[in-house]
Amino acid sequence: MADLASRITAPADTPAPEVPSAAVEAPVDGAEETNLVDNTYEVEVKLSDLQNDQESPLYSVSSFDELGLPKAINDGLLAMNFKKPSKIQEKALPLMLSDPPHNMIAQSQSGTGKTAAFVLTVLSRVDLSKPTQPQALLLAPSRELARQIQMVVQTIGQFCEGLIVEAAIPGAIARETGVKSSVVVGTPGTVIDLIKRRQFDVSQLKVLVIDEADNMLDMQGLGEQCSRVKSILPKTIQILLFSATFPANVMAFAEKFAPNANQMKLKQQELTVKGISQMYMDCPDEKQKYEILCKLYGLMTIGSSVIFVRTRDSAAEIQRRMEADGHKVTALHGAYEGANRDALLDDFRSGRSKVLITTNVLARGIDVSSVAIVINYDIPMKGPGDREPDAETYLHRIGRTGRFGRVGVSISFVYDRKSFNALAEIARFYNIDLIQLDPNDWDVTEKKVQDVIKSSRAKADYAPNATSG
Ligand SMILES: Nc1ncnc2c1ncn2[C@@H]1O[C@H](COP(=O)(O)OP(=O)(O)OP(=O)(O)O)[C@@H](O)[C@H]1O
């Protein structure tokens, strides 16, 4: 244990590491009830500085203008206030836009703009003279992520006259009409149903995007559904696979799924986002995890925060207990019905609700830039009997904060040998040193967290606007 522990122990007085930039205070009042909330976060280090730093995933040498995109699309980027591309956008776009089209497997850290990279490709390939003819299909693992991507397509494509974008998620597409749009963003199950019922003409599809591709192609999960969808699509379709993580076993399958693809891969030690200060709390026992969570609550409301738990039942239980203790929190998980889930997430995006308790259903892709703290109430585990630490899910969960150059904090709770060892293994996997928080020294704990999330309130020269989801 001592050996494993070396990765995750730090003396109590270890200062929070230097973090490159910052964010945090979300404007709550008057925030629009749309998925795209205009943010006016204050950032200590300018985004432009980060984008000039060769080591940053946001670095690029060119401007969007130099990528040769149609004017309507460039106008959309301007409206989003995107000034310069990130590394993944700059490097992947020319490869994806080249003709004849080439498949792509692209990996880039969480919150570095993968969505815009594939959305720009999709928009460039759509023939706007056929607005109701489906030409691009984008697949995502959750209804929330599909809706979010739909909003990004609509926003960047707002000046593309004729563009119609639909979400193929449960309950969204009327049986009578079927799919009548140029771009379809959906979850695999619903897409298969629509195709089976002949409500979705896939014959003219030119691009297939699979976001969170390692998760989507995993044969233990959605892999079979994605393979079924692909088998029905035109053989010449351009396939674009995106994720922050591509474990080796899935990568092998991804390479078969998208043959001869151009590839952008990250090394293991490049996967973590520098702006996220990763901390952990060594709780005396399982029962006290809850009390410690409640003590943290004051800090969690400084920005917005997400608490990840293992099961729907524990999400409901923590919600019940926190509400009984007078806290205002929202729980969202798969047990809720679709429209209700949409309303709950919209509340969180707009800042009306600041604490979101959820399961792995929202671990991936969800982009709410005001999230300052992510709590791993339960360490993510996988495999039979949940015996193995789930390093990929850990990375995606903590990636809900620290979006596009902002800073954030993640706090993982451990309380017994199993959870401690699991976290230690994750830390070793990514070669990271976690900062220890002491549940018995609340003043120091609070200071360590606040030092990070409050370091953001300096200069207000960067309003990243756009997709806070
Ligand atoms: N060039 C840009 N300039 C400024 N902001 C950008 C740019 N590209 C993307 N963003 C913003 O960065 C945020 C994160 O982008 P996005 O959600 O695409 O990340 P991601 O790489 O897909 O992350 P994840 O792996 O978590 O899905 C979004 O709010 C988006 O609007």
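1. Start at P100, in the loop that joins α4 (87–97) to β1 (104–107). Keep in mind as you look that this is a predicted model. The peptide bond leading from D99 into P100 is cis, and its omega is near -5°. Find D99 and P100 in the viewer and look at the bond that links them.

2. Next, have a look at R198. Where does R198 sit? It belongs to the loop between α7 (188–196) and β5 (207–210). Is R198 buried or exposed? R198 has 8 other C-beta atoms within 10 Å, and because 12 or fewer counts as exposed, R198 is exposed.

3. You will find D386 in the loop between β13 (381–382) and β14 (388–389). For D386 there are 15 other C-beta atoms within 10 Å. A residue with 20 or more would be buried and one with 12 or fewer exposed, so D386 comes out as partly exposed.

4. Now for a pair of helices. Two packed helices are described by the angle between their axes and the distance between the axes. Here the pair is α6 (residues 143–156) and α13 (residues 338–350), whose axes come within 10 Å and cross at roughly 60°. That angle makes α6 oblique to α13. The crossing of α6 past α13 is right-handed.

5. Which residues bring α6 and α13 together? On the α6 side they are R143, E144 and R147, and these meet G338, R341, D342 and L345 of α13. Sorted by type, the residues of this contact are 5 charged, 1 polar and 1 nonpolar.

6. One stretch carries a label from a database. An unreviewed UniProt entry lists residues 62–90 as "domain: DEAD-box RNA helicase Q". In the model, the chain over residues 62–90 is 45% helix and 0% strand.

7. Finally, step back to the whole protein. How many helices and strands are there? The protein has 16 helices and 16 strands. Of its 469 residues, 51% count as buried. Among contacts with a separation of 6 or more, 79% are between residues 24 or more positions apart.

How values were computed: Residues numbered from 1 in each chain as written. Predicted model: local features only at pLDDT ≥ 70, side-chain atom pairs only at ≥ 80, totals over all residues. UniProt positions renumbered as here; feature names shortened; annotations may be inferred. Helix = DSSP H or I, 4+ residues; strand = E, 2+ residues; numbered from the N terminus. Contact = placed C-beta atoms within 7 Å. Axes fitted to C-alpha atoms, helices over the stretch in contact; angles between N-to-C directions. Parallel < 35°, antiparallel > 145°, perpendicular 65-115°, else oblique. Left-handed = near helix turned anticlockwise from the far one by under 90°. Nonpolar A, V, L, I, M, F, W, Y, C, P; charged D, E, K, R; others polar.
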